[in-house]
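Here are a few notes to go with your first look at this one. Have the viewer open and follow along point by point.

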Amino acid sequence: SLLDFMFGIFAFFAFFDVFQLFALLTGTPFYLNEILGASATDLSYIQLGGGLGCSITTGVFMVLLPIVDRKISWLTRSIAFLILPQLIRIVGYFLLPHLPTLPGAIAMIVLIWATWGTAFSGSIVTINYEIDPVNSSIILGLFNGCGTLGGFLCPLVRAWMTTIEQQLPEYQTLLKKRWSYFIYLNGGASIILIAVIFVAVALRRNEWIKDPSMATEQDAKQGKRLRHDTIGNKSLENFDGATNHY
């Protein structure tokens, strides 16, 4: 079914999303210290700014969520909430290695960090309930497992890509180049995620259009009967309601 297919896409997304998150949390402090000479105090500004930025964007998108759900289906909204931050991350990750000053680099990292607010307000963290309310805890565990695997591999990949011998000539130049490659890798992951989502939507477009669970909240208020097909191919009771997915 469409939701079975989208489950696989979201699991794929969770892997790379957490990979990027761990690159931001565990990688960028080393980058700022080794390349731009950041101190522990400087790095604390990232934690403060990133936490506040993520909290603000979470609040903003939580306010937008019921408004958007009246206009488009929950799956369309969820994918939009996935793609929007990835577009910002592409720009951020590809600009970051070219920012020569510490304040500029910190500001860019804080901006990238703030994009995770969409995840907590109607995207990858909440999609498990919308895919299957009955088995949402199981789906969340599967998503979390895929994401944790990405988070586990990220520091290993970072260490492999950025570790070189200090005795080598032009050590600092080579180190900066290695770090640039790792940061570009994260920007490339965003490009891949967006491409996969667009291909997935294109492949199942007709099924998406015909799926009654894709009705909007406005359709529900007009009395149209909605049905939500779950991952286990079970159906919740049809009813006329004010929600847009079950």
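1. Start with Phe10: leaving aside residues up to four places away in sequence, phenylalanine 10 touches Leu75, Ile79, Leu82, Ile124, Ile127, Ile131 and Phe143. Keep in mind throughout that this is a predicted model.

2. Phe10 also turns up in the largest nonpolar core, a set of 51 residues. Along with Leu32, Trp116 and Ile124, Phe10 is listed there as having the most contacts inside the core. Helix H1 (2–36) gives the largest share, 14 residues. Other helices supplying at least two residues each include helix H2 (40–69), helix H4 (102–114) and helix H7 (136–162).

3. Now for the rings. Searching the whole structure turns up seven aromatic pairs. One of them is phenylalanine 94 with tyrosine 184, a stacked pair at 5.4 Å centre to centre with 15° between the planes.

4. Elsewhere, Phe12, Phe15 and Phe16 are joined into a cluster by ring pairs.

5. Last, have a look at two arginines. Arginine 89 lies over the face of tryptophan 116, 3.6 Å from the ring centre. Arginine 158 lies over the face of phenylalanine 30, at 4.7 Å from the ring centre.

Conventions
Residues numbered from 1 in each chain as written. Predicted model: local features only at pLDDT ≥ 70, side-chain atom pairs only at ≥ 80, totals over all residues. Heavy atoms only, no water. Phe/Tyr/Trp six-rings, centres within 6.5 Å; stacked < 30°, edge-to-face > 60°. Lys NZ or Arg CZ within 6 Å of the ring centre and 35° of its normal. Core = buried A, V, L, I, M, F, W, Y, C linked by side-chain atoms within 4.5 Å. Buried < 20%, exposed > 50% of the residue type's maximum accessible area, 1.4 Å probe, protein only. Helix = DSSP H or I, 4+ residues; strand = E, 2+ residues; numbered from the N terminus. Contact = heavy atoms within 4.5 Å.
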